[in-house]
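This report describes the fold, the packing and selected residues of one protein chain. Please keep the sequence and the model in view while reading.

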Amino acid sequence: VWRFDNSRYMSLRNVTLLAKGTYGWPLHIFGTGAKRLNITGCKMIINDSASTSSSLIPMVVNNSTSSYSTGIKVDSITLDSNTFKYGYFGSTIYGSGTTIRNDNWTITNNTYYGQYMYGLYALYTSGLVVRNNQILKKLNSTSQGYGMYFTYTGKYLTSNTSSITNNYINNLTTKQTSCGKPHPQISHGLFGETYLSTKILG
């Protein structure tokens with residue numbers, strides 16, 4: 001629906017992006033030139049609330065127009081006070097190695113609602129701040145469903161570690177925040193009913 005294609009120094013505010021059909025990413029951040037974007041007060045919505053398809057994701061950050069799992073380096077992005085509704089994931093941030101990673105992201109005060117798998121998924125990041133977010137209401141499955149998943153998220157930069165604080169995860173089948181090494185700092189998370197585990201992996 002909306003693609004930042006190698007975009008820099010831009011803001012998107014108070015916009016509703018709705019994906020219909022069997023394939024769609026309401027917000028797509030694409031291209032190795034993309035950086036310093038601010039997305040504030042927006043709603044990224046998948047029209048089909050019951051979908052379990054990985055082709056429907058409210059926000060994708062990658063280097064492909066067809067596969068969400070193609071790695072890219074996109075730095076200095078702010079996501080604040082947005083809503084990510086339904087879809088397989090709520091948002092995916094995909095790096096592919098220690099040099100192709102996403103640095104200095106700030107993800108604050110967002111609501112992830114009704115995702116089939118993960119609310120927030122991040123692979124290869126550094127200087128990541130995840131604070132005061134809510135991940136709510138797992139749909140469709142009794143055997144899967146997680147809050148946040150971070151792997152290879154840590155201190156690749158000399159001065160920047162990652163921080164995951166004061167997030168609220170509730171009413172999912174499985175309450176889990178998974179982190180691969182190097183380990184970020186995790187503190188003051190509030191996990192709601194049927195909480196099972198918080199894991200540090202690696």
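A residue is termed buried under 20% relative accessible area, exposed over 50%, and partly exposed in between. The structure discussed here is a predicted model, and the terms above are applied to it throughout.

**Confidence and overall composition**

The average pLDDT of the chain is 81, and 77% of the residues score at least 70.

The secondary structure consists of 23 strands and 0 helices. Of the 202 residues in the chain, 52% are buried. Among contacts between residues at least 6 apart in sequence, 71% join residues at least 24 apart. The chain exposes about 8,500 Å², of which carbon and sulfur atoms supply 45%.

**Nonpolar cores**

The largest nonpolar core has 30 residues, and Ile 29, Ile 39, Trp 105 and Ile 107 are those with the most contacts inside it. At least two residues of this core come from each of strands S4 (27-30), S5 (35-40), S7 (59-62), S8 (75-80), S14 (118-126) and S17 (146-153). A second, separate core has 13 residues, including Trp 25, Tyr 68, Phe 89 and Tyr 121.

Beyond its neighbours within four places in sequence, Ile 39 contacts Phe 4, Leu 12, Leu 27, Ile 29, Met 44, Ile 77, Thr 78, Leu 79, Asp 80 and Asn 82.

Tyr 68, a member of the second core, is placed in the loop between S7 and S8. Why does Tyr 68 count as buried? Its relative accessibility is 18%, and the limit for a buried residue is under 20%. The C-alpha atoms of Tyr 68 and His 28 are 9.5 Å apart, with the two residues 40 apart in sequence.

**Aromatic pairs**

The aromatic pairs come to 15 by count. In one of them, the ring centres of Phe 84 and Tyr 112 are 4.7 Å apart and the ring planes meet at 10°, so the pair is stacked. This pair links distant parts of the chain: Phe 84 belongs to strand S9 (residues 83-85) and Tyr 112 to strand S13, 28 residues apart. Both Phe 84 and Tyr 112 are buried.

One aromatic cluster is formed by Tyr 68, Tyr 88, Phe 89, Tyr 94, Tyr 116, Tyr 118, Tyr 121 and Tyr 149. Among its members, Tyr 68, Phe 89 and Tyr 121 also belong to the second core.

Thr 108 lies in strand S12. With a relative accessible area of 6%, Thr 108 is buried. What does the side chain of Thr 108 contact? A polar contact of 2.7 Å joins it to the side chain of Asp 80. Apart from neighbours within four places in sequence, the contacts of Thr 108 are Leu 79, Asp 80, Ser 81, Arg 131 and Asn 133.

Thr 111 is found in strand S13. Not counting residues up to four places away in sequence, Thr 111 touches Asn 82, Thr 83, Phe 84, Gln 134 and Leu 136. The C-alpha atoms of Thr 111 and Leu 136 are separated by 7.6 Å, although these residues are 25 apart along the chain.

**Positive phi angles**

Most residues other than glycine have a negative phi.

| Residue | Phi | Relative accessible area |
|---|---|---|
| Tyr 9 | near 55° | 58% |
| Asn 109 | near 60° | 37% |

Tyr 9 lies in strand S2 (residues 8-13), whereas Asn 109 is in the loop between strand S12 (106-108) and strand S13 (111-113). Tyr 9 is exposed, because its relative accessible area is 58% and the limit for an exposed residue is over 50%. Asn 109, at 37%, counts as partly exposed, since that class falls in between the buried and exposed limits.

Methods: Residues numbered from 1 in each chain as written. Predicted model: local features only at pLDDT ≥ 70, side-chain atom pairs only at ≥ 80, totals over all residues. Heavy atoms only, no water. pLDDT = per-residue confidence, 0-100. Core = buried A, V, L, I, M, F, W, Y, C linked by side-chain atoms within 4.5 Å. Buried < 20%, exposed > 50% of the residue type's maximum accessible area, 1.4 Å probe, protein only. Helix = DSSP H or I, 4+ residues; strand = E, 2+ residues; numbered from the N terminus. Contact = heavy atoms within 4.5 Å. Areas by Shrake-Rupley, 256 points an atom, 1.4 Å probe, with all protein chains shown as cover. Polar contact = N/O pair within 3.5 Å; in protein donor to acceptor, adjacent residues only side chain to side chain. Phe/Tyr/Trp six-rings, centres within 6.5 Å; stacked < 30°, edge-to-face > 60°.
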